[in-house]
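Hello,

Please find the structure below, as promised. My notes on it follow.

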Amino acid sequence: MSKQKIKVAIVFGGRSAEHEISLLSARNVVQSLDTEKFEPVLIGIDKEGQWHYNADSMKILNADDPGKISLSAESNPVLISQNTDSKAVISLTSGNTIASIDVIFPVLHGSYGEDGSIQGFAQLANIPCVGCGILGSAVGMDKDIMKRILRDSAIGVAPWLLFRRSDNAPLSYDHVSKSLGNEVFIKPANLGSSVGITFARSKSEFDNGLQYAFQYDTKVIVEAKVIGREVECAVLGNEHPKASIPGEIISQKGWYSYESKYLDETGAILEIPAKLNDKQAEMVRQTALKTYRVLECSGMARVDMFLKPDDTIIVNEINTIPGFTNISMYPKLWEYTGIPQKVLITQLIELAMESHQTRNKLKTK
């Protein structure tokens with residue numbers, strides 16, 4: 001009698017501005033899933049937030065074009081039961097259970113997925129969820145809060161200023177440049193994949209960048225430009241995490257923009273391993289692990305850093321649901337470290353189930 005496969009709900013798409021990147025990542029996760037052990041249950045979330053069940057395969061259009069990829073118009077709306085015993089996918093059309101799940105694998109980048117939303121949903125439904133929990137996800141998503149915690153833990157971060165949409169008198173470029181220098185990055189506090197980010201060297205660029213960033217979030221951070229090499233390190237694990245060998249992003253066109261990451265094949269060079277000496281490589285790995293622990297992460301994360309000419313390390317950000325496209329650093333770093341993508345996906349699912357079992361053993365009465 002064959003062992004029953006674990007049913008993995010791969011949830012992708014979502015309301016985030018990173019919707020398209022999620023589709024690219026999810027497609028790669030589905031292709032890398034060990035179907036000897038796992039049965040995929042594919043659930044796509046459209047840009048309006050409706051969940052759809054994909055019975056046989058991912059219903060996406062222009063799958064090989066990062067600029068045009070989208071969910072198919074086919075509609076099979078569903079919800080996942082919050083009954084902690086059933087773990088059922090229920091059709092909103094018929095009201096019938098059409099699938100069951102054992103674990104959720106969220107491939108949702110940015111808002112409404114990487115920020116603790118899906119993690120809280122899974123915890124309420126008592127379903128294991130791949131990746132960080134509610135706290136680690138929420139803290140890692142908000143660049144302002146993340147920086148405060150890292151700074152207070154003696155981990156280097158770039159100097160920054162916070163702007164809120166509700167501020168009566170937003171700071172001027174003159175004030176910002178006196179504090180941070182003439183060259184600054186303007187970023188929505190709660191997005192990734194370089195969405196909504198601009199680089200400003202003048203008052204007009206600053207004003208336009210601020211207006212642009214506020215289209216994506218009510219909080220915007222302005223960061224000083226850091227001179228250094230862009231290095232990244234992947235982290236895997238729960239209570240005893242491990243770090244991959246570091247890689248380096250060598251941007252060919254200014255800074256590592258959305259276009260450089262996903263649309264322009266010549267926009268950046270991914271160098272794995274990064275050309276670091278043993279001391280530098282170990283410093284990068286230890287900084288990644290310390291960041292991971294300080295921010296209460298589990299399962300997985302990718303830590304992005306700058307290595308300055310004096311070997312000082314500045315943490316730029318942490319990605320708690322890192323990209324899983326066929327050119328993304330997280331799976332590529334682990335593959336070079338010795339964990340092929342299929343094995344990596346398996347380990348992530350096992351870590352989620354392990355963390356879930358540990359939490360369920362805690363007393364609630």
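The buried residues of helix 5 are covered by, among others, strand 10, strand 11, helix 6 and strand 13. Please keep in mind throughout that this is a predicted model.

The residues in question are Y173, V176, S177 and L180, which are buried in helix 5. They lie on the same side of helix 5, because the arc they cover around the axis is only 95°. Directly after helix 5 comes G181, with a positive phi of about 100°.

The strands belong to an open sheet of four, in the order 10-13-11-12, and the pairing is antiparallel. Strand 10 (160-164) and strand 12 (198-200) form the edges, each pairing on one side only. From one strand to the next, the twist averages 25°. Strand 10 and strand 13 (residues 219-224) run antiparallel and are joined by five bridges. Within that pair, L161 is opposite V222 of strand 13.

Two helices pack on this sheet. Helix 5 (residues 173-180) touches strand 10, strand 11 (184-188) and strand 13, and its direction makes about 155° with that of strand 10. Helix 6 (residues 203-213) touches strand 10, strand 11, strand 12 and strand 13. The direction of helix 6 makes about 15° with that of strand 11.

**Helix 10 and its partners**

How do helix 9 and helix 10 pack, and at what angle? Helix 9 (residues 329-337) and helix 10 (residues 341-360) have axes 9 Å apart and pack at about 110°. Angles of 65 to 115 degrees count as roughly perpendicular, so helix 9 and helix 10 are roughly perpendicular to each other. Helix 9 contributes Y330, P331 and W334 to the contact, and helix 10 contributes Q341, L344 and L348. By class, the residues of this contact are five nonpolar, one polar and no charged.

Helix 1 (residues 19-32) also meets helix 10: their axes come within 9 Å and cross at roughly 95°. Helix 1 and helix 10 are therefore roughly perpendicular to each other. On the helix 1 side the contact is made by N28, V29 and S32, and on the helix 10 side by Q341, K342 and I345. This contact of helix 1 with helix 10 has two nonpolar, three polar and one charged residues.

I349 lies in helix 10. Is I349 buried or exposed? I349 is buried, because its relative accessible area is 0% and buried means under 20%. Leaving out residues up to four places away in sequence, I349 touches V8, L33, F38, V103, F105 and V130. I318 is 31 residues from I349 along the chain, and the C-alpha atoms of the two are separated by 20 Å.

The second residue is T320, found in the loop between strand 19 (313-319) and helix 9. Its relative accessible area is 2%, so T320 is buried. Which residues does T320 touch, not counting those up to four places away in sequence? T320 touches E114, C132, G136, S137, C297, M300 and A301.

Regards

How values were computed: Residues are numbered from 1 along each chain as its sequence is written. This is a predicted model: local features need pLDDT of at least 70, side-chain atom pairs count only at pLDDT 80 or more; totals for chains, interfaces and linings use all residues. Side-chain values use heavy atoms; hydrogens and water are left out. Two strands pair if DSSP finds at least two bridges between them. Axes are lines fitted to C-alpha atoms, for helices over the stretch in contact, and angles run from 0 to 180 degrees between N-to-C directions. Contact means heavy atoms within 4.5 Å. Buried means under 20% relative accessible area, exposed over 50%, partly exposed in between (1.4 Å probe, protein chains only). The arc is that of the directions from the helix axis to the C-beta atoms. Angles under 35 degrees count as roughly parallel, over 145 as roughly antiparallel, 65 to 115 as roughly perpendicular and the rest as oblique. Ala, Val, Leu, Ile, Met, Phe, Trp, Tyr, Cys and Pro count as nonpolar, Asp, Glu, Lys and Arg as charged, and the others, Gly among them, as polar.
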